[in-house]
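Thanks for coming. I have one structure to go through today, so please have a look at it before I start.

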Amino acid sequence: MTGSPDARLLVPSRFNGPPGSANGGYVAGLLAAHLGTEGPVRVTLREPPPLEVPMVVLTENGVTTASFGGAVIATAEPGELGDPEDPVPFDVAAQAESRYAGLGAHPFPGCFVCGPDRPAGDGLGLRPGRVGEDPADPVATTWVPHPSLAGPDGSVPPELVWAALDCPGGWSSDLVARPMVLGRMTAAVQARPAVGERCVVVGRVLGTDGRKTFTASTAYDSDRRVLGHAESTWIALR
C-alpha cells in the first residue's frame, strides 16, 4: 500500500455540482493528483461526492480510492485518451454562448462550472452553446479564469482545468431533455491558464448506449494550445 490511512480529500461547498454534492470534474481532478502518475488518469465516480466532509484517500496496486463512511466514492487509475477536439476561435465560442440551453432550463442551476444562478466570479461561468445549427456540431464556451481561482503562482490549479472539461462535454448532449451526471472521466492536463487568460472549451458527443452518453472535451489557451482534454461517460437520471 502506497497511500496513508490518514490522507484526506475535502471539497468546499463552493465547488458543488448537483445540489448537495461536489462537481464531478473537480473531484476527479483532486483525486487524480493523489494518484501521482504521469499521463491520462481515469476517474470513476461511484457515489455522489460529498461536500465539506473529509474523504479518506488510499492508494494500493496503482489505484487510488476516495471513501466516506465506509462507501467508495471514487477511484482513480491510469487511463488512455484519444486526440483533442479541434479548436474553436474565441469570438465563435462567445457567439455560441447565446445558444447555451442551460440559460433557459438547467437541471442543476447552481453548478460551480456551468450554473446560471452563480454570481459572476463565484463559479467558472461556462456557457457551452452549439457552434452551428446541426445537433452533431460541437459546443463551445469561453473561459476567462477569475482572480479568486488563482493558485500561488497566478495560474489556476489542475483540478479547475478538470472541472472546466467536465460540463461542456455534458452540454454537447441535451441535458435539458435528458439530465445526466458524470460517471467516469479520463483526462490529461498539459498546462494551466493564468487568471484573465482568454480560453475556450469545446465539447462533442461521441455516442450513446442506453443510459450512457460518451463525450469528449478540450480546453485551449489564448494561443490555441491544449490546456487539457478529456473523454467522459455520463449517466442519465431517468
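Predicted model: local features only at pLDDT ≥ 70, side-chain atom pairs only at ≥ 80, totals over all residues.

Residues are numbered from 1 along each chain as its sequence is written, and side-chain values use heavy atoms, with hydrogens and water left out.

Overall fold, then. The protein has three helices and eleven strands; helices are DSSP runs of H or I with at least four residues, strands are runs of E with at least two, and both are numbered from the N terminus. Along the sequence the order is β-α-β-β-β-β-α-β-β-α-β-β-β-β. The radius of gyration is 16 Å, close to the 18 Å that the globule rule gives for 238 residues, so the protein is as compact as a globular protein of that length. That radius is taken over C-alpha atoms, and the rule is 2.2 Å times the number of residues to the power 0.38. The C-alpha trace spans about 50 × 45 × 35 Å along its principal axes.

Of the 238 residues, 50% count as buried. Buried means under 20% relative accessible area, exposed means over 50%, and partly exposed lies in between, with a 1.4 Å probe and protein chains only. As for contacts, meaning heavy atoms within 4.5 Å, 69% of those between residues at least 6 apart in sequence join residues at least 24 apart.

Now the cavity. How many cavities of 30 Å³ or more does a search of the whole structure find? The search finds one. A cavity here is a set of points on a 1 Å grid over the protein atoms alone where a 1.4 Å probe fits but cannot get out, and lining residues have an atom within 4 Å of a point. Grid points are joined across faces, edges and corners, and the volume is the space filled by probe spheres set on the points. The largest cavity comes to about 30 Å³. Its lining includes Leu-81, Asp-83, Ser-217 and His-229. Strands β10 (212-220) and β11 (226-236) each supply at least two of the lining residues. By type, the lining divides into four nonpolar, four polar and three charged residues; nonpolar covers Ala, Val, Leu, Ile, Met, Phe, Trp, Tyr, Cys and Pro, charged covers Asp, Glu, Lys and Arg, and the others, Gly among them, are polar.

Next, backbone angles. Glu-52, in the loop between β2 (41-45) and β3 (55-60), has a positive phi near 60 degrees without being glycine. Glu-52 is partly exposed at 44% relative accessibility. Asn-61 is in the loop between β3 and β4 (63-68), with a positive phi near 55 degrees, and is likewise a residue other than glycine. Asn-61 counts as exposed, at 76%.

Ser-155 is in the loop between β7 (139-143) and α3 (158-171). Is Ser-155 buried or exposed? It is buried, with a relative accessible area of 14%. Beyond its neighbours within four places in sequence, Ser-155 contacts Leu-149, Ala-150, Arg-192, Pro-193 and Ala-194.

Val-205 is in strand β9 (residues 199-209) and is partly exposed at 33%. Not counting residues up to four places away in sequence, Val-205 touches Ser-172, Ser-173, Thr-213, Phe-214 and Thr-215.

Notes:
1 Å grid on protein atoms, 1.4 Å probe; cavity = no way out; pocket = protein on both sides within 12 Å on 5 of 7 lines; lining within 4 Å.
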